[in-house]
Amino acid sequence: MGEIKVSPDYNWFRSTVPLKKIIVDDDDSKIWSLYDAGPRNIRCPLIFLPPVSGTADVFFRQILALTGWGYRVIALQYPVYWDHLEFCDGFRKLLDHLQLDKVHLFGASLGGFLAQKFAEYTHTSPRVHSLILCNSFSDTSIFNQTWTANRSLFYSFWLMPSFMLKKIVLGNFSSGPVDPLMADAIDFMVDRLESLGQSELASRLTLNCQNSYVEPHKIRDIPVTIMDVFDQSALSTEAKEEMYKLYPNARRAHLKTGGNFPYLCRSAEVNLYVQIHLLQFHGTKYAAIDPSMVSAEELEVQKGSLSVSQEDQ
(Lines give C-alpha, C1' and ligand atoms only; values in the text may rest on other atoms or scores of the structure.)
Protein backbone atom coordinates (compact mmCIF):
# COMPACT_ATOMS: atom_id res chain seq x y z
CA MET A 1 0.00 0.00 0.00
CA GLY A 2 1.03 3.66 -0.11
CA GLU A 3 1.62 3.44 -3.84
CA ILE A 4 1.12 7.16 -4.51
CA LYS A 5 3.84 8.28 -2.10
CA VAL A 6 6.47 6.15 -3.88
CA SER A 7 5.15 6.68 -7.42
CA PRO A 8 7.43 8.19 -10.09
CA ASP A 9 4.92 11.02 -10.68
CA TYR A 10 4.89 12.08 -7.02
CA ASN A 11 8.68 11.86 -6.70
CA TRP A 12 9.09 13.87 -9.93
CA PHE A 13 6.70 16.50 -8.58
CA ARG A 14 8.51 16.78 -5.24
CA SER A 15 11.90 17.04 -6.95
CA THR A 16 10.90 19.66 -9.55
CA VAL A 17 8.30 21.94 -7.88
CA PRO A 18 9.66 23.76 -4.80
CA LEU A 19 7.53 24.22 -1.68
CA LYS A 20 7.48 27.90 -0.70
CA LYS A 21 6.81 29.27 2.79
CA ILE A 22 5.26 32.73 3.07
CA ILE A 23 4.33 34.85 6.11
CA VAL A 24 1.84 37.68 5.53
CA ASP A 25 0.43 38.21 9.05
CA ASP A 26 1.97 40.10 11.97
CA ASP A 27 2.06 36.75 13.76
CA ASP A 28 5.10 35.05 12.20
CA SER A 29 3.89 31.62 13.33
CA LYS A 30 1.20 31.80 10.61
CA ILE A 31 2.99 30.31 7.61
CA TRP A 32 1.37 29.68 4.23
CA SER A 33 2.94 26.73 2.36
CA LEU A 34 2.42 26.64 -1.39
CA TYR A 35 3.48 25.20 -4.71
CA ASP A 36 3.42 27.77 -7.53
CA ALA A 37 3.97 26.19 -10.95
CA GLY A 38 3.46 27.24 -14.55
CA PRO A 39 4.05 30.50 -16.43
CA ARG A 40 4.58 33.46 -14.08
CA ASN A 41 3.22 35.93 -16.62
CA ILE A 42 -0.29 34.62 -15.87
CA ARG A 43 -1.95 37.06 -13.46
CA CYS A 44 -5.17 35.08 -12.80
CA PRO A 45 -4.01 31.57 -11.90
CA LEU A 46 -5.99 28.62 -10.57
CA ILE A 47 -5.50 28.15 -6.82
CA PHE A 48 -6.26 24.84 -5.08
CA LEU A 49 -7.53 24.79 -1.46
CA PRO A 50 -7.33 21.41 0.35
CA PRO A 51 -9.82 19.62 2.64
CA VAL A 52 -9.41 19.24 6.41
CA SER A 53 -7.03 16.30 6.03
CA GLY A 54 -5.10 17.67 3.05
CA THR A 55 -1.76 19.33 2.46
CA ALA A 56 -0.78 21.35 -0.62
CA ASP A 57 0.70 18.31 -2.38
CA VAL A 58 -2.61 16.36 -2.51
CA PHE A 59 -3.18 18.25 -5.79
CA PHE A 60 0.14 17.18 -7.34
CA ARG A 61 -1.63 15.38 -10.20
CA GLN A 62 -3.49 18.56 -11.14
CA ILE A 63 -0.28 20.62 -10.93
CA LEU A 64 1.68 18.24 -13.18
CA ALA A 65 -1.07 17.91 -15.81
CA LEU A 66 -2.32 21.50 -15.92
CA THR A 67 1.12 23.13 -15.99
CA GLY A 68 2.05 20.74 -18.81
CA TRP A 69 -0.86 22.24 -20.78
CA GLY A 70 0.30 25.81 -20.08
CA TYR A 71 -1.74 26.76 -16.99
CA ARG A 72 -0.40 28.52 -13.92
CA VAL A 73 -1.44 26.57 -10.83
CA ILE A 74 -0.94 27.27 -7.12
CA ALA A 75 -1.71 24.72 -4.39
CA LEU A 76 -1.92 25.96 -0.81
CA GLN A 77 -1.70 24.76 2.74
CA TYR A 78 -3.33 27.00 5.36
CA PRO A 79 -1.74 28.43 8.50
CA VAL A 80 -3.63 28.09 11.77
CA TYR A 81 -6.72 30.31 11.64
CA TRP A 82 -9.59 29.95 14.11
CA ASP A 83 -12.43 31.71 12.30
CA HIS A 84 -13.54 32.36 8.73
CA LEU A 85 -12.98 36.12 8.84
CA GLU A 86 -9.40 35.64 10.03
CA PHE A 87 -8.80 33.13 7.21
CA CYS A 88 -10.27 35.47 4.58
CA ASP A 89 -8.16 38.38 5.78
CA GLY A 90 -5.02 36.21 5.71
CA PHE A 91 -5.80 34.86 2.24
CA ARG A 92 -6.38 38.39 0.92
CA LYS A 93 -2.95 39.40 2.26
CA LEU A 94 -1.41 36.35 0.57
CA LEU A 95 -2.91 37.34 -2.80
CA ASP A 96 -1.60 40.87 -2.27
CA HIS A 97 1.85 39.46 -1.51
CA LEU A 98 1.73 37.35 -4.69
CA GLN A 99 0.50 40.43 -6.61
CA LEU A 100 -2.63 38.64 -7.82
CA ASP A 101 -5.69 40.85 -8.25
CA LYS A 102 -8.09 38.05 -9.26
CA VAL A 103 -7.89 34.27 -9.17
CA HIS A 104 -9.83 31.13 -9.98
CA LEU A 105 -10.37 28.89 -6.94
CA PHE A 106 -10.70 25.09 -6.78
CA GLY A 107 -11.76 24.04 -3.29
CA ALA A 108 -12.19 20.50 -1.99
CA SER A 109 -14.65 20.02 0.90
CA LEU A 110 -13.56 22.59 3.56
CA GLY A 111 -11.42 24.24 0.87
CA GLY A 112 -14.56 24.76 -1.23
CA PHE A 113 -16.43 26.31 1.67
CA LEU A 114 -13.52 28.68 2.41
CA ALA A 115 -13.35 29.59 -1.29
CA GLN A 116 -17.02 30.60 -1.21
CA LYS A 117 -16.55 32.57 2.02
CA PHE A 118 -13.57 34.40 0.50
CA ALA A 119 -15.59 35.27 -2.62
CA GLU A 120 -18.32 36.56 -0.31
CA TYR A 121 -15.80 38.47 1.84
CA THR A 122 -14.36 40.28 -1.21
CA HIS A 123 -17.64 40.78 -3.10
CA THR A 124 -17.44 44.60 -2.93
CA SER A 125 -13.96 44.50 -4.51
CA PRO A 126 -13.95 41.08 -6.20
CA ARG A 127 -10.83 38.91 -6.01
CA VAL A 128 -12.43 35.63 -7.17
CA HIS A 129 -13.15 35.28 -10.89
CA SER A 130 -14.57 31.76 -10.78
CA LEU A 131 -15.11 28.78 -8.47
CA ILE A 132 -14.76 25.00 -8.84
CA LEU A 133 -16.33 23.37 -5.78
CA CYS A 134 -15.39 19.69 -5.33
CA ASN A 135 -17.40 17.61 -2.82
CA SER A 136 -18.08 20.87 -1.04
CA PHE A 137 -20.87 22.42 1.04
CA SER A 138 -22.45 25.80 1.71
CA ASP A 139 -23.54 25.49 5.35
CA THR A 140 -21.41 24.15 8.22
CA SER A 141 -24.48 23.07 10.20
CA ILE A 142 -24.29 19.68 8.42
CA PHE A 143 -21.11 18.99 10.41
CA ASN A 144 -22.51 20.31 13.67
CA GLN A 145 -24.91 17.37 13.43
CA THR A 146 -22.65 14.64 12.06
CA TRP A 147 -19.17 15.41 13.41
CA THR A 148 -20.03 16.54 16.90
CA ALA A 149 -22.18 14.62 19.33
CA ASN A 150 -22.90 17.87 21.17
CA ARG A 151 -22.05 21.55 20.91
CA SER A 152 -19.53 21.41 23.77
CA LEU A 153 -17.26 19.09 21.72
CA PHE A 154 -17.10 21.66 18.92
CA TYR A 155 -15.78 24.30 21.32
CA SER A 156 -13.08 21.95 22.64
CA PHE A 157 -11.25 20.98 19.44
CA TRP A 158 -8.33 23.20 20.47
CA LEU A 159 -8.03 21.23 23.75
CA MET A 160 -8.11 17.77 22.20
CA PRO A 161 -4.93 15.74 21.62
CA SER A 162 -3.83 15.07 18.07
CA PHE A 163 -4.83 11.39 18.02
CA MET A 164 -8.44 12.25 18.92
CA LEU A 165 -8.65 14.90 16.20
CA LYS A 166 -7.27 12.44 13.64
CA LYS A 167 -9.83 9.85 14.76
CA ILE A 168 -12.64 12.36 14.10
CA VAL A 169 -11.33 13.03 10.58
CA LEU A 170 -10.68 9.37 9.79
CA GLY A 171 -14.27 8.56 10.75
CA ASN A 172 -15.35 10.28 7.53
CA PHE A 173 -13.02 8.29 5.26
CA SER A 174 -14.57 5.44 3.26
CA SER A 175 -14.57 2.23 5.29
CA GLY A 176 -16.22 -0.17 2.83
CA PRO A 177 -14.67 -1.97 -0.13
CA VAL A 178 -13.13 0.37 -2.72
CA ASP A 179 -11.14 -0.11 -5.91
CA PRO A 180 -7.31 -0.09 -5.76
CA LEU A 181 -6.96 3.51 -6.98
CA MET A 182 -9.35 4.77 -4.29
CA ALA A 183 -7.56 2.66 -1.66
CA ASP A 184 -4.25 4.26 -2.68
CA ALA A 185 -5.84 7.73 -2.47
CA ILE A 186 -7.13 7.01 1.05
CA ASP A 187 -3.70 5.71 2.12
CA PHE A 188 -2.05 8.86 0.78
CA MET A 189 -4.54 11.13 2.57
CA VAL A 190 -4.04 9.21 5.83
CA ASP A 191 -0.29 9.80 5.43
CA ARG A 192 -0.91 13.53 4.79
CA LEU A 193 -3.20 13.67 7.83
CA GLU A 194 -0.39 12.21 9.96
CA SER A 195 1.86 15.10 8.89
CA LEU A 196 -0.49 17.75 10.33
CA GLY A 197 0.10 19.07 13.83
CA GLN A 198 -2.48 19.38 16.62
CA SER A 199 -3.12 23.10 16.14
CA GLU A 200 -3.45 22.72 12.35
CA LEU A 201 -6.04 19.98 12.71
CA ALA A 202 -7.90 21.66 15.57
CA SER A 203 -8.18 24.94 13.65
CA ARG A 204 -9.39 23.22 10.47
CA LEU A 205 -12.02 21.24 12.35
CA THR A 206 -13.10 24.48 14.03
CA LEU A 207 -13.46 26.19 10.62
CA ASN A 208 -15.38 23.14 9.39
CA CYS A 209 -17.89 23.22 12.24
CA GLN A 210 -18.11 26.92 13.18
CA ASN A 211 -21.65 28.17 12.56
CA SER A 212 -21.62 29.78 9.12
CA TYR A 213 -23.29 29.64 5.73
CA VAL A 214 -22.71 31.12 2.28
CA GLU A 215 -24.75 34.19 1.29
CA PRO A 216 -25.44 33.48 -2.40
CA HIS A 217 -26.61 36.98 -3.34
CA LYS A 218 -23.06 38.24 -2.74
CA ILE A 219 -21.44 35.85 -5.23
CA ARG A 220 -24.20 35.15 -7.75
CA ASP A 221 -22.26 36.70 -10.66
CA ILE A 222 -19.27 34.36 -10.30
CA PRO A 223 -19.07 31.40 -12.74
CA VAL A 224 -19.29 28.17 -10.73
CA THR A 225 -18.69 24.50 -11.50
CA ILE A 226 -19.95 22.01 -8.90
CA MET A 227 -17.95 18.77 -8.96
CA ASP A 228 -19.17 15.76 -7.02
CA VAL A 229 -19.29 11.96 -7.05
CA PHE A 230 -22.14 9.49 -7.27
CA ASP A 231 -20.56 6.95 -4.92
CA GLN A 232 -20.03 7.21 -1.16
CA SER A 233 -18.37 10.34 0.23
CA ALA A 234 -18.48 12.39 3.42
CA LEU A 235 -20.92 14.76 1.72
CA SER A 236 -24.58 13.90 2.30
CA THR A 237 -27.19 13.94 -0.47
CA GLU A 238 -28.90 16.83 1.35
CA ALA A 239 -25.69 18.89 1.26
CA LYS A 240 -25.31 18.23 -2.49
CA GLU A 241 -28.91 19.24 -3.17
CA GLU A 242 -28.39 22.43 -1.18
CA MET A 243 -25.41 23.31 -3.39
CA TYR A 244 -27.48 22.77 -6.56
CA LYS A 245 -30.20 25.06 -5.18
CA LEU A 246 -27.67 27.71 -4.14
CA TYR A 247 -26.10 27.78 -7.62
CA PRO A 248 -28.91 27.01 -10.08
CA ASN A 249 -26.83 28.23 -13.05
CA ALA A 250 -23.67 26.35 -12.11
CA ARG A 251 -22.11 23.84 -14.43
CA ARG A 252 -22.21 20.34 -12.98
CA ALA A 253 -19.29 17.93 -13.22
CA HIS A 254 -20.44 14.52 -11.99
CA LEU A 255 -18.05 11.63 -11.51
CA LYS A 256 -19.50 8.13 -11.34
CA THR A 257 -16.95 7.15 -8.66
CA GLY A 258 -14.12 8.84 -6.79
CA GLY A 259 -15.13 8.94 -3.12
CA ASN A 260 -13.80 11.80 -1.02
CA PHE A 261 -10.63 12.34 -3.06
CA PRO A 262 -11.40 12.21 -6.80
CA TYR A 263 -8.50 14.59 -7.58
CA LEU A 264 -6.17 11.74 -6.54
CA CYS A 265 -7.94 8.59 -7.75
CA ARG A 266 -9.84 10.01 -10.77
CA SER A 267 -7.37 12.72 -11.68
CA ALA A 268 -7.81 12.43 -15.47
CA GLU A 269 -11.55 13.13 -15.17
CA VAL A 270 -11.03 15.93 -12.65
CA ASN A 271 -8.35 17.54 -14.83
CA LEU A 272 -10.66 17.38 -17.85
CA TYR A 273 -13.50 19.09 -15.95
CA VAL A 274 -11.07 21.76 -14.70
CA GLN A 275 -9.98 22.44 -18.29
CA ILE A 276 -13.60 22.67 -19.46
CA HIS A 277 -14.32 25.18 -16.67
CA LEU A 278 -11.27 27.33 -17.49
CA LEU A 279 -11.89 27.21 -21.25
CA GLN A 280 -14.57 29.93 -20.96
CA PHE A 281 -11.86 32.44 -19.93
CA HIS A 282 -9.39 31.73 -22.74
CA GLY A 283 -8.65 34.85 -24.76
CA THR A 284 -9.53 37.18 -21.86
CA LYS A 285 -7.29 38.87 -19.30
CA TYR A 286 -8.59 36.33 -16.76
CA ALA A 287 -7.24 33.31 -18.64
CA ALA A 288 -5.23 30.96 -16.41
CA ILE A 289 -3.33 29.63 -19.43
CA ASP A 290 -0.38 30.96 -21.40
CA PRO A 291 -1.89 32.49 -24.59
CA SER A 292 0.79 30.81 -26.70
CA MET A 293 -0.70 27.44 -25.68
CA VAL A 294 -4.12 28.33 -27.11
CA SER A 295 -4.72 27.86 -30.84
CA ALA A 296 -6.00 30.74 -33.01
CA GLU A 297 -9.08 28.66 -33.90
CA GLU A 298 -9.93 28.13 -30.25
CA LEU A 299 -9.50 31.84 -29.52
CA GLU A 300 -11.92 32.72 -32.34
CA VAL A 301 -14.50 30.30 -30.92
CA GLN A 302 -14.05 31.81 -27.46
CA LYS A 303 -14.40 35.37 -28.76
CA GLY A 304 -17.57 34.36 -30.59
CA SER A 305 -19.00 32.81 -27.41
CA LEU A 306 -18.06 35.93 -25.44
CA SER A 307 -19.82 38.20 -27.95
CA VAL A 308 -22.99 36.08 -27.82
CA SER A 309 -22.99 36.07 -24.04
CA GLN A 310 -22.52 39.88 -23.89
CA GLU A 311 -25.41 40.35 -26.33
CA ASP A 312 -27.61 38.09 -24.18
CA GLN A 313 -26.79 40.21 -21.15
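Visitor: Leaving aside its neighbours within four places in sequence, which residues is Trp-69 in contact with?

Guide: Trp-69 is in contact with Asn-271, Gln-275, Ile-289 and Met-293, where contact means heavy atoms within 4.5 Å. This is a predicted model, so local features need pLDDT of at least 70, side-chain atom pairs count only at pLDDT 80 or more, and totals for chains, interfaces and linings use all residues. Residues are numbered from 1 along each chain as its sequence is written, and side-chain values use heavy atoms, with hydrogens and water left out.

Visitor: OK, and where is the place of Trp-69?

Guide: In the loop between H2 and strand S4 (73-77). Helices (H or I, at least four residues) and strands (E, at least two) are DSSP runs, numbered from the N terminus.

Visitor: How far apart are Trp-69 and Asp-290 in sequence and in space?

Guide: They are 221 residues apart in sequence and 8.8 Å apart in space, C-alpha to C-alpha.

Visitor: What does Trp-69 count as at 38% relative accessibility?

Guide: Partly exposed. Buried means under 20% relative accessible area, exposed over 50%, and partly exposed in between (1.4 Å probe, protein chains only).

Visitor: Back to H2, then. Which of its residues are buried?

Guide: In H2, Phe-60, Gln-62, Ile-63, Ala-65 and Leu-66 are buried. Their cover includes H1, strand S2 (32-37), S3, S4, H11 and H12. After H2 comes Gly-70, with a positive phi near 105°.

Visitor: At what angle do H1 and H2 pack?

Guide: About 75°, with the axes of helix H1 (residues 8-16) and helix H2 (residues 60-68) 10 Å apart. Axes are lines fitted to C-alpha atoms, for helices over the stretch in contact, and angles run from 0 to 180 degrees between N-to-C directions. H1 and H2 are therefore roughly perpendicular to each other. On that scale, angles under 35 degrees count as roughly parallel, over 145 as roughly antiparallel, 65 to 115 as roughly perpendicular and the rest as oblique.

Visitor: Which residues make the contact?

Guide: From H1, Asp-9, Tyr-10, Trp-12 and Phe-13, and from H2, Phe-60, Ile-63 and Leu-64. By class, that contact has six nonpolar, no polar and one charged residues. Ala, Val, Leu, Ile, Met, Phe, Trp, Tyr, Cys and Pro count as nonpolar, Asp, Glu, Lys and Arg as charged, and the others, Gly among them, as polar.

Visitor: Switching to the sheet. What order are the strands in?

Guide: Eight strands form an open sheet in the order S1-S2-S4-S3-S5-S6-S7-S8, with mixed pairing. Two strands pair if DSSP finds at least two bridges between them. The edge strands, each pairing on one side only, are strand S1 (19-22) and strand S8 (251-255). From one strand to the next, the twist averages 20°.

Visitor: Which helix packs on the sheet, touching S3, S5 and S6?

Guide: Helix H4 (residues 110-121), whose direction makes about 145° with that of S5.

Visitor: How many bridges join S6 to S7?

Guide: Four, between strand S6 (residues 128-134) and strand S7 (residues 224-229), which run parallel. Leu-131 has Val-224 in S7 as its bridge partner, and Leu-133 has Ile-226 there. On to S8: S7 pairs with S8 in the parallel sense over five bridges, and Ile-226 has Arg-252 in S8 as a bridge partner.

Visitor: Are the residues of S7 buried or exposed?

Guide: Six of the six residues of S7 are buried, so S7 is largely enclosed by the rest of the structure. Val-224, Ile-226 and Asp-228 are buried on one side, and Thr-225, Met-227 and Val-229 on the other.

Visitor: Which residues touch the most other members in the largest nonpolar core?

Guide: Ile-47, Phe-91, Phe-106, Tyr-247 and Tyr-263, out of 98 residues in that core. A nonpolar core is a set of buried Ala, Val, Leu, Ile, Met, Phe, Trp, Tyr and Cys residues joined through side-chain atoms within 4.5 Å. Not counting residues up to four places away in sequence, Tyr-247 touches Gln-116, Leu-133, Val-214, Ile-219, Val-224 and Ile-226.

Visitor: Last one: is Arg-266 buried or exposed?

Guide: Buried, with a relative accessible area of 12%. The place of Arg-266 is in the loop between helix H11 (262-265) and helix H12 (267-279).
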